[in-house]
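Please take a look at the structure below.

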2 protein chains.
Amino acid sequence: MSGIKKTSKSWTTRRDQKAARLAKIDHLLKGKLLGNEHIIEALELLISPGDKVVLEGDNQKQASFLSKALNEVSADKIHGLHMIMSSISRPEHLDIFEKGIAEKIDFSYAGAQSLRVSQMIEDETLKIGEIHTYLELYGRLFIDLIPNIALVAADKADVQGNLYTGANTEETPTIIEATAFKDGIVIVQVNELVEELPRVDIPSSWVDCIVVADQPYQLEALFTRDPRHITELQILMAMMTIRGIYERHSVQSLNHGIGFNTAAIELLLPTYGEKLGLKGKICKHWALNPHPTLIPAIESGWIESVHCFGGEVGMEQYTAARPDVFFTGRDGSLRSNRAMCQVAGQYAVDAFVGSTLQIDGEGNSSTVTSGRLSGFGGAPNMGHDPRGRRHSTPAWLDMINEQHELARGRKLVVQMVETFQSGNEPVFVESLDAIKVAKQAGVATAPVMIYGDDVTHVVTEEGIAYLYKAQSLDERKAALEAVAGVTPIGLRYNQNKVEKMRRDGLVAFPEDLQIRRTEAKRSLLAARSVEDLVEWSDGLYNPPAKFRSW
Amino acid sequence: MSGIKKTSKSWTTRRDQKAARLAKIDHLLKGKLLGNEHIIEALELLISPGDKVVLEGDNQKQASFLSKALNEVSADKIHGLHMIMSSISRPEHLDIFEKGIAEKIDFSYAGAQSLRVSQMIEDETLKIGEIHTYLELYGRLFIDLIPNIALVAADKADVQGNLYTGANTEETPTIIEATAFKDGIVIVQVNELVEELPRVDIPSSWVDCIVVADQPYQLEALFTRDPRHITELQILMAMMTIRGIYERHSVQSLNHGIGFNTAAIELLLPTYGEKLGLKGKICKHWALNPHPTLIPAIESGWIESVHCFGGEVGMEQYTAARPDVFFTGRDGSLRSNRAMCQVAGQYAVDAFVGSTLQIDGEGNSSTVTSGRLSGFGGAPNMGHDPRGRRHSTPAWLDMINEQHELARGRKLVVQMVETFQSGNEPVFVESLDAIKVAKQAGVATAPVMIYGDDVTHVVTEEGIAYLYKAQSLDERKAALEAVAGVTPIGLRYNQNKVEKMRRDGLVAFPEDLQIRRTEAKRSLLAARSVEDLVEWSDGLYNPPAKFRSW
């Protein structure tokens with residue numbers, strides 16, 4: 001052994017620390033159960049200054065009882081925490097930084113809190129580690145962001161500590177796994193304690209402490225879009241996408257981002273798609289949350305399967321009644337799994353279709369606009385060409401645009417945008433705001449959501465740019481200009497170039513796709529209101545009050 | 001609802017079918033327990049012709065009792081199965097195709113069976129769906145390859161049907177999840193039935209049928225490399241990698257492929273790495289199976305954490321005794337998780353370092369050689385630049401090689417190869433055998449393991465080509481030629497060009513890295529035999545008999 005010195009350190013520091021901390025709350029526990037009146041005391045005894053704490057702010061589900069409790073601990077006792085959160089969603093997620101309880105954060109998405117995040121960075125009350133996509137944040141939980149503490153939410157527990165997470169399983173198993181199997185402490189808030197669980201989603205061996213919350217965890221209906229607000233421009237773009245992309249390339253499996261553009265596509269499948277004879281040929285398999293706007297396509301037999309990242313408020317009964325389509329458990333209710341759905345959405349589908357707020361002349365896009373550091377969420381995991389992919393599908397092969405013995409296909413990455421945002425801000429811009437924001441926030445690279453060289457198609461109300469066909473950056477730019485309307489980028493438009501690109505198939509206008517702009521009517525939508533969606537669902541869809549207008 | 005017709009089909013066909021099939025074996029079951037003498041009868045009753053069957057042929061763990069049983073069913077009753085297997089490892093995995101029990105296969109890796117796979121494709125006894133990486137195969141289980149039946153292996157079950165998968169958890173939870181939550185039938189072979197499990201890895205709600213196998217599942221020691229076989233050329237390459245890549249770019253988290261090259265690196269950290277003062281600066285976090293050759297680096301305090309895809313035979317006690325480093329469960333034994341480790345290995349580490357059998361002049365590489373369709377395994381998931389990644393690390397940022405406001409870093413993808421394979425076959429070739437094999441097998445694209453434009457560094461016994469610095473394909477080719485020795489590619493070598501590339505940092509020879517070739521001695525290895533590894537481990541490492549020479 002060449003006289004090399006072995007280290008004399010202990011190999012069980014994490015395990016010993018965990019045991020010592022749990023011993024301190026022993027008098028508060030009955031088995032794994034903690035009375036909710038003791039939660040603040042317990043957190044003060046279980047957490048140490050500087051700990052890495054992963055707090056479940058999911059996309060939809062929030063461990064709101066635990067985040068409120070964390071916000072009440074004494075900053076004298078607990079300070080300098082390194083928070084890890086996929087989503088910064090609630091005020092107290094940031095309050096803890098102002099109080100000094102926490103110091104640094106690694107996160108994926110800031111959503112509603114993006115403005116305050118930017119301000120707090122400027123004020124230096126919040127120190128950013130890195131901004132991630134979901135999958136890379138989950139990955140780091142097993143590499144260099146291993147948590148000491150997990151604060152998560154489940155629907156139900158039994159007295160042994162087994163958990164039922166039901167429809168909103170989301171990222172709970174992933175967070176718990178990284179913590180529980182590295183001698184971290186797993187604290188779970190549940191809505192109720194029951195004798196027997198409908199099914200077990202997480203075994204009690206992975207859980208240390210259960211507390212029944214004073215009220216159910218917060219859950220947001222993030223993926224519900226009211227068809228009443230879908231415009232005829234969006235319908236036009238949806239028709240172009242179905243005709244010029246899904247049909248043309250045989251897109252059989254896909255992910256849709258959130259928004260009215262993709263909701264319009266979902267609602268046109270049973271009408272316009274049916275008329276084109278595409279049923280059974282496109283859009284059969286989905287990596288998608290249970291969008292209510294998917295109901296008509298399901299009910300009319302278009303959809304073979306949907307795997308979900310999370311649940312959606314109001315869709316519980318509907319998904320439970322359609323187990324041939326959705327993944328459900330032994331109890332009959334939806335099973336979601338964010339990590340695996342992101343993996344599937346990255347590697348196993350033909351196409352990602354999303355929207356954005358800004359696109360530059362090279363096709364780079366971002367949802368970061370001045371003063372708002374909103375983060376990435378999961379879109380970049382799906383909105384890129386996964387170069388680790390090796391299997392082929394017709395759509396993937398259809399993207400090959402070179403003569404090379406080793407040529408490989410590409411994933412379809414589609415951006416659907418109107419050339420101007422509401423408020424008359426151009427979407428196509430000379431330079432992304434993200435560049436300025438990156439400098440202000442002091443992050444190493446500009447927060448680009450999707451890079452131009454990963455985008456295969458851009459759809460606007462003007463037409464489709466088939467960017468995957470561009471043989472050079474100049475061709476890519478020219479194709480973008482052709483569909484960018486009267487934005488600064490669109491004004492570079494050159495009539496002769498555009499005609500040539502239409503002939504070469506780099507650009508298609510509605511007429512090139514045999515679509516008349518006057519066809520794009522709201523009457524084409526399979527459902528024109530939330531009430532219609534409820535009717536399509538045979539009353540199984542139960543929309544939240546704010547979506548009810550009848 | 002515009003008069004669109006709703007489908008009148010049942011929404012519970014899978015659930016009904018599952019219930020009907022399980023009812024047929026009711027008389028054979030005691031709870032979920034099936035006597036192993038009934039397994040063939042049970043499979044004949046549970047499986048239907050044409051079913052999608054996912055059979056656990058993991059990288060290491062094999063559901064060998066179930067695969068043998070499947071090979072014994074009547075082909076009159078069960079035929080035309082569509083098999084899904086991450087690894088084709090055992091003879092009966094292919095015998096079932098010759099008997100007509102199965103017809104089509106989607107897989108990731110063929111390993112020892114690669115020659116027979118190629119022959120059977122030629123003979124048309126085996127129909128290939130697609131060849132995948134692990135993550136894309138797992139992804140498709142939730143999209144368009146949803147299993148009807150899962151045949152998997154666990155260590156232990158309790159009478160309720162909860163499972164203990166222990167150190168070799170690997171892909172079992174992923175396979176089961178895709179099946180159980182889409183009303184498929186989950187059949188598990190276990191080594192033993194116990195009163196109380198050491199911990200629960202998979203809850204009984206996910207399992208339908210448990211059978212105690214006649215002998216423990218097959219488990220291969222795939223990741224064990226005997227240090228006796230490490231050559232001085234490999235030590236030289238390992239020194240260059242540590243100096244010219246890990247130190248230069250501050251590589252803190254990484255994945256190593258299988259092989260003697262990377263084993264040499266692992267064994268040089270406590271000696272050569274120590275001498276360079278790199279402890280605590282490089283190689284702290286790993287996505288890696290528990291390689292025995294990692295023991296000296298762990299024991300001398302180099303390694304902070306290791307997350308594992310699977311276990312390794314003989315490393316059970318050692319990993320259990322080092323919970324600060326390895327992920328372990330409440331029972332103290334290793335927890336592995338193939339899917340999450342692949343995600344971490346893709347998105348959360350600085351570098352992937354692997355080896356290959358052939359590299360062409362553009363840097364494309366493949367392990368497919370004439371007559372052997374070996375598949376991909378997980379290497380491409382880690383051996384590419386994950387364009388969905390958004391967080392930065394020093395090593396990632398160090399790969400930026402352009403002036404652009406939106407410039408982003410890259411993952412380090414390192415290929416370590418000697419210029420000639422054993423048998424005197426050149427590694428650097430004009431054209432990959434994969435191109436011919438693809439044509440013979442009728443697959444749509446040539447099976448390239450790692451594409452040239454994803455490779456950042458190639459290390460040979462001649463030196464390092466820093467391919468990420470190449471500004472054009474021609475520069476990339478020239479840098480490769482400079483390190484390709486006397487192979488057909490290396491013979492294109494141009495002395496003047498090479499000197500310029502050394503000055504520009506595109507190429508480094510050992511002397512450019514202050515490494516004398518004569519330093520590369522076996523005496524530098526922290527362990528020079530398996531016995532040394534056992535000694536380093538304080539007797540906790542228990543190598544399989546075939547690795548014992550004392």
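What follows is a briefing by topic. The model is predicted. Chain B can be laid on chain A with an RMSD of 0.0 Å. The copies meet through the same surface.

**Symmetry and interface**
- The superposition takes a turn of 180° and a shift of 0.0 Å along the axis.
- The two copies are thus related as by a two-fold rotation axis.
- P203(B) is the residue of chain B that comes closest to that axis, with its C-alpha at 3.1 Å.
- Of the interface residues of chain B, 99% are also interface residues in chain A, so the two copies use the same surface to meet.

**A three-stranded sheet in chain B**
- The sheet is open, with three strands in the order 18-17-20 and mixed pairing.
- Strand 18 (365-366) and strand 20 (428-429) of chain B are the edges; each has a single partner strand, so one side of each lacks a neighbour in the sheet.
- Strand 17 (residues 358-360) of chain B pairs with strand 20 of chain B in the parallel sense, over two bridges.
- Opposite I359(B) stands F428(B), in strand 20 of chain B.

**Nonpolar cores**
- The largest nonpolar core holds 253 residues.
- Those with the most contacts inside this core are L70, M83 and L163 of chain A and L70, M83 and L163 of chain B.
- Leaving aside residues up to four places away in sequence, M83(A) touches residues including V53(A), L55(A), L70(A), I96(A), F97(A) and A102(A).
- K104(A), I105(A) and D106(A) are also among the residues that M83(A) touches.
- A second, separate core has 68 residues, among them I242(B), L267(B), L269(B) and A297(B).

Methods:
Residues numbered from 1 in each chain as written. Chains lettered and ligands numbered in written order. Predicted model: local features only at pLDDT ≥ 70, side-chain atom pairs only at ≥ 80, totals over all residues. Heavy atoms only, no water. Least-squares fit on C-alpha atoms with pLDDT ≥ 70 in both. Contact = heavy atoms within 4.5 Å. Pairing = 2+ DSSP bridges. Helix = DSSP H or I, 4+ residues; strand = E, 2+ residues; numbered from the N terminus. Core = buried A, V, L, I, M, F, W, Y, C linked by side-chain atoms within 4.5 Å. Buried < 20%, exposed > 50% of the residue type's maximum accessible area, 1.4 Å probe, protein only.
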